[in-house]
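Hi,

Here is the structure I promised to pass on. Have a look at it first, and then read my notes below.

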Amino acid sequence: MVDGACSGPEYSGFEAAYAGEALRQGLEGVPWNIGEPQPPVARLIEDGQVRGRVLDAGCGVGETSLRLAELGFDVLGVDSAPSAVRQAREAAAERKVPAHFELADVTRLSGYDGRFDTVIDSTLFHSLPVGSREEYLASIARAAAPGAVLHVLVFADTARFPGGEGPNAVTEGELREAVGRFWTVDRVVPSRITALIPEKLVPDGERDEHGRLLMDAFLLTAHLPGTPHPAS
């Protein structure tokens, strides 16, 4: 159950991107849609840092949710972009995995109170308007079960964006302060976000073995007080 998808100019660009419109000249496709979970998130999954029922907040086309569903997790992905949710559902049907996807404003989730044992935010936090962060963090905390874990992968303020324009990247202190109002922060470590950004737009950026741009990020892990559900 949701209160409706996000709307307004701050969200319209994401729907346009998932629908196939270039975010800017020379940038084709959705840069953060790399055809697999972001590597730091994939490592969390491999290392057993994800448990129980999972909320994939701002799931995009669902790569993280799909990977988790393939591993047997009960996972719900939510996103505000109709085209992203449609593509995620189509991928779940094609791969025959029981991942569930909802068109939702993740800052106003309802009907999920106390449900999720793990919340994953893979590149959503920096995409939100700064003024919506508190509402968002309160929303996912309500949806989380006692003892739940939160993982957030977010652009650091040192990340370099094409043309100098990018989302609402954060300092470590800013991230800790925002999340700490609703969650107990366990750690924040330097990380990377992998993006499909052509070399001509960022000619001197560090790249992985596939030629994908590696951008400065933080990986935060936090938890809610309480005892995790026995089944988690």
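The protein has six helices and seven strands; these are DSSP runs numbered from the N terminus, with helices being H or I over at least four residues and strands being E over at least two. Going along the sequence, the order is α-α-β-α-β-α-β-β-α-β-α-β-β.

Before you go further: this is a predicted model, where local features need pLDDT of at least 70 and side-chain atom pairs count only at pLDDT 80 or more, while totals for chains, interfaces and linings use all residues. Residues are numbered from 1 along each chain as its sequence is written, and side-chain values use heavy atoms, with hydrogens and water left out.

Now the overall picture. Of the 232 residues in the protein, 50% are buried (buried is under 20% relative accessible area, exposed is over 50%, and partly exposed is in between, with a 1.4 Å probe and protein chains only). The protein exposes about 10,400 Å², and carbon and sulfur atoms supply 49% of that; the areas come from the Shrake-Rupley method with a 1.4 Å probe, and for residues only the protein chains shown count as cover. Among contacts (heavy atoms within 4.5 Å) with a separation of 6 or more, 74% are between residues 24 or more positions apart.

On to the salt bridges, meaning a side-chain nitrogen of Lys or Arg within 4 Å of a carboxyl oxygen of Asp or Glu. The structure holds 14 of them.

One joins glutamate 90 and arginine 86, at 3.3 Å from N to O. They sit four residues apart in helix α4 (residues 82–95), so about one helical turn separates them. Glutamate 90 is partly exposed at 44%, and arginine 86 is partly exposed too, at 41%.

Another pairs arginine 89 with glutamate 102, with the closest N and O atoms 4.0 Å apart. This pair links distant parts of the chain, 13 residues apart: arginine 89 is in helix α4 and glutamate 102 is in strand β3 (residues 100–103). Arginine 89 is partly exposed at 43%, and glutamate 102 is partly exposed at 30%.

Which strands does the bridge between arginine 192 and aspartate 216 connect? The side chains meet at 3.7 Å, N to O, and the bridge runs from strand β6 (residues 184–195) to strand β7 (residues 213–223), with the two residues 24 apart. Arginine 192 is partly exposed at 30%, as is aspartate 216 at 28%.

Finally, look up Glu36, Asp208 and Arg212, which are linked in a network of salt bridges.

Cheers
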